[in-house]
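Visitor: Could you walk me through this fold while I look at it?
Guide: Gladly, here it is.
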Amino acid sequence: MSVVKINVLTVPAEQRETLEKRFAARAHAVENSDGFEWFELLRPVEGTDNYLVYTRWRDEESFQAWMEGPMKAAHQGADADSGERPKPAASHSTLWSFDVVQQAAPKNA
């Protein structure tokens, strides 16, 4: 079965809009990656400053190939206006990894 990677990003309140705009600007950057299955950016509602970046992959190898290729390239790019690499919007990040052992979908889907 698939693997899930959740990147837990600590984002100060004043950086939330910046983070969301950056994700929106590269919304389709992962979709054509081999083995990619799903993406969601989850905004905290209450009780935490942590955003969750949920991705689902066919297998660990697909995720690692994306990390070493397209993701790495996207995070090394310079800002189009200033020519400088933008400051991270998150003050901290942690990667959680899971194997999918059970799943369900709506019966009408």
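Guide: What follows goes from the whole chain to the sheet and then to single strands.
Guide: This is a predicted model, in which local features need pLDDT of at least 70 and side-chain atom pairs count only at pLDDT 80 or more, while totals for chains, interfaces and linings use all residues. Residues are numbered from 1 along each chain as its sequence is written, and side-chain values use heavy atoms, with hydrogens and water left out.

Visitor: How many helices and strands does the chain have?
Guide: There are 2 helices and 4 strands, where helices (H or I, at least four residues) and strands (E, at least two) are DSSP runs numbered from the N terminus. Read from the N terminus on, the elements run β-α-β-β-α-β.

Visitor: In what order do the strands form the sheet?
Guide: The 4 strands form an open sheet in the order S2-S3-S1-S4, with antiparallel pairing; two strands pair if DSSP finds at least two bridges between them. Strand S2 (36–42) and S4 stand at the edges with a single partner strand each, so one side of each is left without a neighbour in the sheet. The twist averages 15 degrees from one strand to the next, with axes being lines fitted to C-alpha atoms, for helices over the stretch in contact, and angles running from 0 to 180 degrees between N-to-C directions.

Visitor: And which strands does helix H1 touch?
Guide: Helix H1 (residues 16–25) packs on the sheet and touches S1, S2 and S3, its direction making about 20 degrees with that of S3; contact here means heavy atoms within 4.5 Å.

Visitor: Back to S1: why is it largely enclosed?
Guide: Strand S1 (residues 3–10) has 6 of its 8 residues buried, so it is largely enclosed by the rest of the structure. Buried means under 20% relative accessible area, exposed over 50%, and partly exposed in between (1.4 Å probe, protein chains only).

Visitor: What joins S1 to S3 and S4?
Guide: Strand S1 is joined by 8 bridges to S3 (residues 50–57), running antiparallel, and by 8 bridges to S4 (residues 92–99), also antiparallel. On the S3 side, Asn-7 has Val-53 as its bridge partner, and Val-4 stands opposite Arg-56. On the S4 side, the bridge partner of Lys-5 is Ser-97.

Visitor: What share of the whole chain is buried?
Guide: Buried residues make up 25% of the 109 residues in the chain.
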